[in-house]
Amino acid sequence: MLNALYSAATGMEAQQLRISVISNNLANMSTSGFKQSRAVFQDLIYQTQQQAGATTTAGEQLPSGIQVGTGVKVVSTPVIFSQGIMEQTARDLDIAIEGDGFLGVSANGQTAYTRAGSLSVSATGSLVTQQGYELNPPVSGLAGVSGLTITSDGAVNGITPGQTTATTLGNLSLSTFANPSGLSAKGSNLFMETAASGTPTSNTPGQSGAGTIRQGFLESSNVNIADELIKMILAQRSFEMNSKVVKTADEMMGSMNQLR
Amino acid sequence: MSSVYTSVSGQDAVFKQMQVIANNLANMSTSGFKAERLKFEQALSSSRPTESSLKKEIAEPSSMQTSFYAKTAGSYTDFTQGAIETTHDPLNVALQGDGLFAVATADGERYTRAGEFKLATDGRLVTPQGFPVQGSGGEIVVSGGTPNILEDGTVMVAGASVGKIRVVKIDPSELTREAAQLFKLKDGASVAEAPETRMVSGAVESSNVNATRELTDMIMASRAFDSLQKTRESDSKMSKARAEAFGKG
């Protein structure tokens, strides 16, 4: 009976964690460049209470054994990097990545990766994210430049003061990973490299499997509200069912205690 | 006094049933999970002493307790198809119809219906636990872009095939369960290749646990437990009355 209680407890715990993942997805419904996560469940070990083929005292062979499971756990919460919808903003420094890849940024002395492409020119003339993190590799020398265009292959063109024609002032590169789901989310739309993600490969946009750059667009969050709400209902009901198991098992134990 | 043993073994079976239900309900959101079923009704009916076992009890009283339950009770895995749930993850695949994926673990080859795959650091297609997924020609290694899995299990990267996911068919009675939705082949059982099994990518097969059935089973188990408890109570009262009438020496 204790087994049933423990299994139900693992179920409740796992559903609670799933709700946390869902609520974070829903909270970031409007965060551009946000990628949804999903709780992945796995069952736990099985206790073989009776071996199939064992011989009973009556001399008969058991046709099948009894295997009893011990519950569930959340094994991982991988980020799903499916493409978000392209939202047109008509702002020169808004870029969306169509396809795979991340922009590298220097955040607190480390290289982080992001798909949120709402960029600005800093006081020193470098391209920075909305949080003020400089791109890595950096694109600088943009102070006073007009008519900025960013091509699909990442070339940043503009007219520097005193010139009349546009020149290429820098290039954006996209970093791709063997296993993007293994990246560690750090908040502020940033991801960090981990042992699971593999090391980044720097590519020119549009080459070696990297996506292309779309100027004047932002990639909206890939959260699907209807999906998340359905998952939330399912998680809540599953939680309730597991608590029902706890209640029933408890009642049985209670009535056993009544026996004299 | 045999009714005490009957009700005790009956309650023991109810406990087993509760454990199985608890595990099934806990795994309602585990993709590729297959519900476990206890052959409980059979066990209950056999819990009643049969004529032959009554005769046996008279001849050999101590053999009675052991002959109750265990001989017919068993559990089996219900392999009915779970619903296909879209996840949009290109590395998720759901099997349509019979078949199992083959994965390599440290303890040997195992089989699963859970297709929530990911890529390892070295680009190998692995399960969330890190077990490499077996292709028809060994492990599948992906490099240079997001893979796309076709209906027949071929893994495509930038228009070129890098392998084909192996699918096998095994008689469900030849499998035993292990953690992480894995199944182990019983000794001497055989595996048939099933390259014709279709797959859906960007989706997973959700758990086939039927909440209505589990909750109904739980109510039934609870009621069976109560009845058995009543039997024990009346038996206890009867022994007490007997002790008072004939006892005290």
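This is a predicted model: local features need pLDDT of at least 70, side-chain atom pairs count only at pLDDT 80 or more; totals for chains, interfaces and linings use all residues.
Me: In what order do the strands of the three-stranded open sheet of chain A lie?
Reply: The sheet is open, and its pairing is antiparallel. Strand 12 (146-150) and strand 14 (167-171) of chain A stand at the edges. Each has a single partner strand, so one side of each is left without a neighbour in the sheet. The twist averages 25 degrees from one strand to the next, and the order is 12-13-14.

Me: Which residue is the bridge partner of Asn157(A) in strand 14 of chain A?
Reply: Strand 13 of chain A covers residues 155-159 and runs antiparallel to strand 14 of chain A. Four bridges join the two. The partner of Asn157(A) is Thr168(A).

Me: Why is chain A called more spread out than a compact globule?
Reply: Chain A has two helices and 20 strands. The globule rule gives 18 Å for 260 residues, and the radius of gyration is well over that, so chain A is more spread out than a compact globule. Its C-alpha trace spans about 100 × 35 × 30 Å along the principal axes. The radius of gyration is 27 Å.

Me: What share of the residues in chain A is buried?
Reply: A buried residue has 20 or more other C-beta atoms within 10 Å of its own. Chain A has 260 residues, and the buried share is 39%.

Me: How many residues of chain A are in contact with chain B?
Reply: Chain B brings 58 residues to these contacts. They divide into 23 nonpolar, 24 polar and 11 charged. Elements of chain B that give two or more residues include helix 1 (2-26), strand 15 (175-178) and helix 4 (211-246). On the chain A side the count is 61 residues.

Me: How far does helix 4 of chain B reach from its first C-alpha to its last?
Reply: Helix 4 of chain B has 36 residues. Its buried residues include Glu214(B), Asp217(B) and Phe225(B). At 1.5 Å a residue, the expected reach is 52 Å.

Me: Which residue takes a positive phi in the hairpin of strand 15 and strand 16 of chain B?
Reply: Four bridges join strand 15 of chain B to strand 16 (residues 182-185), and the two run antiparallel. Thr176(B) stands opposite Lys184(B) in strand 16 of chain B. Three residues lie between the strands. The positive phi, near 65 degrees, belongs to Ala180(B).

Notes
Residues are numbered from 1 along each chain as its sequence is written. Chains are lettered from A and ligands numbered from 1 in the order in which they are written. The radius of gyration is taken over C-alpha atoms; the globule rule is 2.2 Å times the number of residues to the power 0.38. A residue is buried if 20 or more other C-beta atoms lie within 10 Å of its own, exposed if 12 or fewer, and partly exposed in between; C-beta atoms are placed from the backbone. Two strands pair if DSSP finds at least two bridges between them. Axes are lines fitted to C-alpha atoms, for helices over the stretch in contact, and angles run from 0 to 180 degrees between N-to-C directions. Two residues are in contact if their C-beta atoms, placed from the backbone, lie within 7 Å. Ala, Val, Leu, Ile, Met, Phe, Trp, Tyr, Cys and Pro count as nonpolar, Asp, Glu, Lys and Arg as charged, and the others, Gly among them, as polar. The expected span of a helix is 1.5 Å times one less than its number of residues.
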